[in-house]
Amino acid sequence: MPDLSSFFSPKSIAVIGASERDSSMGGLVLQNLKSSSFEHDVFAVNLKGYPSVFGYPCVRYLREISAPVDLAVICVPPEVIPRVLRQMGRHGIKAALILTGGLARQLNFSPANNLKIAKIAKDEGIRLMGPNCLGILVPEHHMNASYTHIDALPGSSAYVGHSAALGGALLDWAGARGIGFSHFLTLGASADIRISDVVDYLASDRRVKAILIHLEQIRDANRLLTALRAASRSKKVLAIRTHSKDALPNGVTDVGKIDSEFFSRAGVLQVDTIDGLFSGLEILSRSKPLYYRNLAIVSNGLGTAMLARQYLLANNGDLAPAPKSERLKQDSWYSSETRGNPAILPPQASGEDYVSFMKELEKEPSLGAMLVIHSPNRRSNSSEVAQALLKYIKRSRRLVLTCFLGGLTTQDARKSFDGSGLLNFDSPTDAVNAFLTLAQHTAAQEALRETPTTDALDFIPDRAQAKRVIYQARQERRSYLTWPESRYLLRAYGFKLVDSTFDTDFDRLLNRLTPRYFPAALRIVHETYSYPFAYQSIPAARWRGAKIELPDVAALNVAHEELLAEKKHRLPDSKILGWAVQPMRRKVDALQFSLGITRDETYGPLIFFGEGGSHADMLADRQVALVPLNSSLAKQLIQKTHGYAVLLERSNDLDNDLKILIQYCVALSQMVIDNPRLAGVEVNLLLQNDDIPIVLGAAASLGEKVRPALNPYPAELEEHVTLKNGADVLIRPIMGEDEPELKAFFARFDSEALRLRFFYSRLKFEHLELAYMSQIDYRREMVFVAMDQGQMIGEMRLWWDINRNEIEFAIMVAPVAQGTGVASLLMEKTFRYAKSLHVRTIIADVLPENTAMLGLAERFGFEKMMEDDIMKVVKHL
């Protein structure tokens, strides 16, 4: 994580290009620093040599400033910036905020100019924010180093975005509503420091409770995703995404699906509007945990409750299951019409009637949230109902949303809820939207910390065969795989394919056919259709290049001539590669699915899944997922599609069919991780009730290597070692699937051993913490575990500090394995790993009474020093 303290808490600032002219951006920055009561030194720099600018001392050159400068705010024309950066380097200033652009009325920076100034800054050891940024506001430090027309109110939420124009408008919008910020900044063109760097910094600040983000361009999706995932574990993170261009990956028509997948895997709540950004923040800040993503509706009016129910279902929300309690059924009206949800109380229901009903409803084990809708009438007082509900809701563990309908007679009720910081809405629609927002955020958080299962791949892929196929295509300078090569690739990853025979010579092909191929399908294989996604926006309308239901050889010959003629007419320039014959396998109850691999220029490789077949709206149904996929995420991908709804209706063995489809999706994920040159793979899969799914057709293309947005498991770090007792042990990085075994590992220690490791007494480890410890980001930390026949016998946990170029470690060895050399092997593994990262120092904090740990450190040559009752051990590599 970069050290950005010079930007957010500088002790001195130099504003370069400042004057008192009305159009001076630097002048606006100085005025804002003055009006915000910045408490530290400020200097103006201007070649005209003014004695002062807005009361601040002014010099012509940076070298004339005798005091150290933490931050330079650059407001000069673009062509001058390289010279300014070199002057900063000579003067030892290491942080630059480039506001040039926007108000300067100069041409915006091109990517080439960005690269130029970024290189100069790197050579001079300077970190940059900008160009074309708004500046930085930190109200707690009385710092407004920006050209905004309004200051930020203090608060606990941070905002970081790309657009200065949007940032300025949003700041004005928030000020009118009394919304404050801990930090507020935009990064413009991001020549150096990016939003991911700022998110890392803000996530480490305990004063920041929430982070609001606006994203335009994403240059390193992997880096941003790791930052967002880390921040989402401890902060509420909300994001809004805008696109400056409409580049879509092959085979996908909705970029919104990809954005949603990215933010979901990051644990971030995605919103679509500025209003949504702040209303989402308010909802998250005022809400209680949502343990189940379903809603029970309680109202004293049938019509209003049914409106809420209809809106919930129309927006893909889930109703809570009908209550099982006989008392609840007896106390609610219209049970036969509503099936218990909504629950309708009498119009005259009092506050105590509501509370009594909700206490009983709260006992339902799978209940998520409750929405209480109260309609005013002569027999029920809204204020009385509100006061009773207030006391109950404050004590309840469940999430409760309220809606007091009306206006004149419900104002006091609403004010009492607003004053207590509880969720209260003017209409059922607003309340349901709030619930959907919470459900979306809860789903993202569940995806962030879910425990993967291990049943997805029940085979070892033939990686060597796949690499041979791709190598052969590259040797022949082809960017596609041939018909046989695509089939070899899929077989290497466990796909079952329909019988097929292929030949470049049609007559030779006929001579190989046996009766089992009839009735047959004949396909002409040519270059254009060897690429996946070789169709326009309507896949069902494309020419298939195939003839089906051919009963004999004579029919094959006729079909051969017809296909040649059609191909000559439709695609005359596409080179014929050969002919393929397959036996017909379609049945009345068969289902087809389209799945495969594509890639997005921002997010990298994607897995897609949806309904297939010539009559399906294939592109509309396709859902996408980032790689790597585990079985849980693959299942979620499949369940989003219309194809899954059809599978629910028509499968005779849903569990088994779903398991195979999940395995194929995970296999595709592993395929593109193992072979990063795969640009696209499209698979047409046939599912029959009396057989396992088979591949009817496939196509694959190649491109440059692309990195996944999420860091895959680093299998190359696995190694087998032999202990002193002769046991063969696998040392490898930890996996998300290790959570149950990690819990069992900690259970093997007594309370004293755990205190020595964690520095405080403990025995219980909950799912959330274990998920955090087992689902690590391999780019930011590492955990090596020693596994003996599936049992964890040792753990080495590593964290590295990029700024200080050091790794901190903590190690535990199970009692049964102590004295066998596990600790030494894990330490040696750590040394090799640290050297591969070019880390210079390895450290650990140790309690003085932890003699075993201190003995291990002494054996490996660590230096020891006491700091505040903690022994610090240090080794320089």
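In what order do the 4 strands of the open sheet stand? Keep in mind as you click around that this is a predicted model.

Start by selecting β20, β21, β22 and β23. Reading across the open sheet, the order is β20-β23-β21-β22, and the pairing is antiparallel. Now colour the two ends of that row: β20 (501-503) and β22 (546-550) are the edge strands, and each has a single partner strand, so one side of each has no neighbour in the sheet. Neighbouring strands here are turned against each other by 15° on average, ignoring direction.

Next, zoom in on residues 520-526 and 576-583. These are β21 and β23, and they pair in the antiparallel sense over 7 bridges. Pick R523 and look across to β23: the residue standing opposite is A580.

Now move on to the second largest pocket, which holds about 1,700 Å³ of space. To centre your view, select R293, A439, Q440, A443 and K640, the closest to the pocket's centre among the 41 residues that line it.

Which helix gives the most to this lining? Select 428-449 and you have it: α16, with 11 residues. Then bring in the other elements that each supply at least two lining residues, including α8 (255-266), α9 (274-286) and α22 (631-639), plus the strands β14 (269-271) and β26 (623-626).

Last stop: colour the lining of this pocket by residue class. You'll get 17 nonpolar, 16 polar and 8 charged residues.

Definitions and conventions. Residues are numbered from 1 along each chain as its sequence is written. This is a predicted model: local features need pLDDT of at least 70, side-chain atom pairs count only at pLDDT 80 or more; totals for chains, interfaces and linings use all residues. Side-chain values use heavy atoms; hydrogens and water are left out. Two strands pair if DSSP finds at least two bridges between them. Axes are lines fitted to C-alpha atoms, for helices over the stretch in contact, and angles run from 0 to 180 degrees between N-to-C directions. On a 1 Å grid over the protein atoms alone, a cavity is a set of points where a 1.4 Å probe fits but cannot get out, and a pocket is an open set with protein on both sides within 12 Å along at least five of seven lines; lining residues have an atom within 4 Å of a point. Grid points are joined across faces, edges and corners, and a volume is the space filled by probe spheres set on the points. Ala, Val, Leu, Ile, Met, Phe, Trp, Tyr, Cys and Pro count as nonpolar, Asp, Glu, Lys and Arg as charged, and the others, Gly among them, as polar.
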